[in-house]
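Subject: Structure handover

Hello,

As promised, I am passing the model on to you.

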Amino acid sequence: QVQLVESGGGLVQPGGSLRLSCAASGSFFSINAMGWYRQAPGKQRELVAIITTGGSTNYVDSVKGRFTISRDNARNTVYLQLNSLKPEDTAVYYCNAAIVVGPSPYELDYWGQGTQVTVSS
């Protein structure tokens, strides 16, 4: 069994900052790519940022220069630092991880429970 547990969401003013965390726990061999998605009311879920095992990153254009994704492999944790927040960043943020599980190793996508980020205006 594998679980991803998120924390760090909240209500902030425009221009404010938040730091989201997502920790993987359970039985698994390794974690490959990890990422953050978000979904606003009435909108399709979109990829926000991804990070590979080697530390390569990519971001959706709307958050470049404002958000930073990072990971701590020793803690099986991925982070998303959200700076200079805008009202349009308001959404439920979900972490995602491609995790290799056994005993016959294969890769599965796991999702966190979601954490609400609200940027007031």
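A quick definition before the tour: two strands count as a pair if DSSP finds at least two bridges between them, where strands are DSSP runs of E with at least two residues, helices are runs of H or I with at least four, and both are numbered from the N terminus. On that basis, β4 and β5 run antiparallel and are joined by 5 bridges.

Please bear in mind that this is a predicted model, in which local features need pLDDT of at least 70 and side-chain atom pairs count only at pLDDT 80 or more, while totals for chains, interfaces and linings use all residues. Residues are numbered from 1 along each chain as its sequence is written, and side-chain values use heavy atoms, with hydrogens and water left out.

**The chain overall**

The chain has 11 strands and 0 helices. Its radius of gyration, taken over C-alpha atoms, is 14 Å, close to the 14 Å from the globule rule (2.2 Å times the number of residues to the power 0.38) for 121 residues, so the chain is as compact as a globular protein of that length. The C-alpha trace spans about 50 × 25 × 25 Å along its principal axes. As for burial (under 20% relative accessible area is buried, over 50% exposed, in between partly exposed; 1.4 Å probe, protein chains only), 39% of the 121 residues count as buried.

**Around β4**

Back to the strand pair I began with. Trp36 has Ala49 of β5 as its bridge partner. The hairpin of β4 and β5 has 6 residues between the strands, and Gly42 in the turn shows a positive phi of about 75 degrees. β4 also pairs with β9, in the antiparallel sense and over 8 bridges; here Met34 stands opposite Ala97.

**The sheet with β8**

Four strands make an open sheet in the order β1-β3-β8-β7, with antiparallel pairing. β1 and β7 are at its edges with a single partner strand each, so one side of each has no neighbour in the sheet. β8 pairs with β3 over 6 bridges, with Tyr79 as the partner of Ser21. Another 6 bridges join β8 to β7, where Arg71 stands opposite Val78 and Phe67 opposite Leu82. The hairpin of β7 and β8 has 4 residues between the strands, and Asn76 takes a positive phi near 50 degrees. Of the 6 residues of β8, 5 are buried, so this strand is largely enclosed by the rest of the structure.

**The core**

Which residues have the most contacts inside the largest nonpolar core? They are Trp36, Leu80, Tyr93 and Ile99, in a core of 30 residues. (A nonpolar core here is a set of buried Ala, Val, Leu, Ile, Met, Phe, Trp, Tyr and Cys residues joined through side-chain atoms within 4.5 Å.) Strands that supply at least two core residues each include β1 (2–7), β4 (30–39) and β8 (77–82), and β9 gives the largest share, with 6 residues. In soluble globular proteins, nonpolar side chains tend to be buried together.

Tyr93 is worth a click. Setting aside neighbours within four places in sequence, its contacts (heavy atoms within 4.5 Å) include Leu20, Trp36, Val48, Phe67, Leu80 and Val117, as well as Glu6 and Arg38.

Best wishes
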